[in-house]
Amino acid sequence: MKEKPSCASCKHQRRRCNAYCPLAPYFPHDRLAQFLNVRKLFGVSNVLRIIKDLEPQQRDDAMRTIIFEAEVRARDPVRGCLGVIEDLQRQINWSRAELEVTLAHLRTVKQQRQTNHGIPAAAHLGGFPVGSFSSNRLYGMPLNPLLHTDGGRAGHGGRNMAGGVGIDI
Ligand SMILES: [Zn+2]
């Protein structure tokens, strides 16, 4: 039977890996670069101290985040994980702005529809998939009431329309 290769940690420290090696599950022999990132940011003894008293499930979570943090720090030595958070925040802001523009567009279309009685809203949207929004939730906020068209009430519910599409993010 072929012997299992030492984990990246043991290989780096030039010792034999055994079945009880606490780092073997997280650093297989081919993950040397990953191990070196973790070693550089945290130090092996600190990592061992962090996971020593954790439950197996918690240990997996801790190692997953330690490896993630070390990799992100290696990629972005200045911002590290904060860079990821900032990038995601920027993406959220961008999506919110895009949503506001879309809703403003929708308001305009609805208003146009009211002034041009009988012309369906879809004709103004140029293929804009209004229906695809109806079952979605964004940031836990149900969108369908905002996008609800007045359907059969067209003709006598006109005055309430403008208030129906307001959004407060
Ligand atoms: Zn090992």
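## Overall layout

The chain's secondary structure amounts to nine helices and two strands, where helices (H or I, at least four residues) and strands (E, at least two) are DSSP runs numbered from the N terminus. Along the sequence the pattern reads α-α-α-α-α-α-α-β-β-α-α. Bear in mind that this is a predicted model: local features need pLDDT of at least 70, side-chain atom pairs count only at pLDDT 80 or more, and totals for chains, interfaces and linings use all residues. Residues are numbered from 1 along each chain as its sequence is written.

Of the 169 residues, 11% count as buried. Buried here takes 20 or more other C-beta atoms within 10 Å of a residue's own, exposed takes 12 or fewer, and partly exposed is in between, with C-beta atoms placed from the backbone. Among contacts (C-beta atoms, placed from the backbone, within 7 Å) with a separation of 6 or more, 36% join residues 24 or more positions apart.

## The nonpolar core

A nonpolar core is a set of buried Ala, Val, Leu, Ile, Met, Phe, Trp, Tyr and Cys residues joined through C-beta atoms within 7 Å. The largest one has 11 residues: Cys7, Ala8, Cys17, Tyr26, Phe27, Phe35, Val38, Val47, Met63, Ile67 and Ala70.

## Around Cys7 and Ala24

Leaving out residues up to four places away in sequence, Cys7 touches Cys17, Cys21, Leu23, Ala24, Phe27, Pro28 and His29.

Ala24 sits in the loop between helix H1 (8-12) and helix H2 (32-41). It counts as partly exposed because it has 18 C-beta neighbours inside 10 Å. Its C-alpha atom is 7.8 Å from that of Ser6, 18 residues apart along the chain.

## How H3 meets H4

The axes of H3 (residues 44-52) and H4, lines fitted to C-alpha atoms over the stretch in contact, come within 9 Å and cross at roughly 150 degrees. That makes H3 roughly antiparallel to H4, a label for angles over 145 degrees, on a scale from 0 to 180 degrees between N-to-C directions. The contact is made by Val47, Ile50 and Ile51 of H3 with Arg59, Ala62, Met63 and Ile66 of H4.

## Helix H5

H5 covers residues 80-115, and its 36 residues should span 52 Å at 1.5 Å a residue, taking 1.5 Å times one less than the number of residues. The end C-alpha atoms are 53 Å apart, so the two agree. Buried in H5 are Leu106, Val109, Lys110 and Arg113.

Methods: Two residues are in contact if their C-beta atoms, placed from the backbone, lie within 7 Å. Angles under 35 degrees count as roughly parallel, over 145 as roughly antiparallel, 65 to 115 as roughly perpendicular and the rest as oblique.
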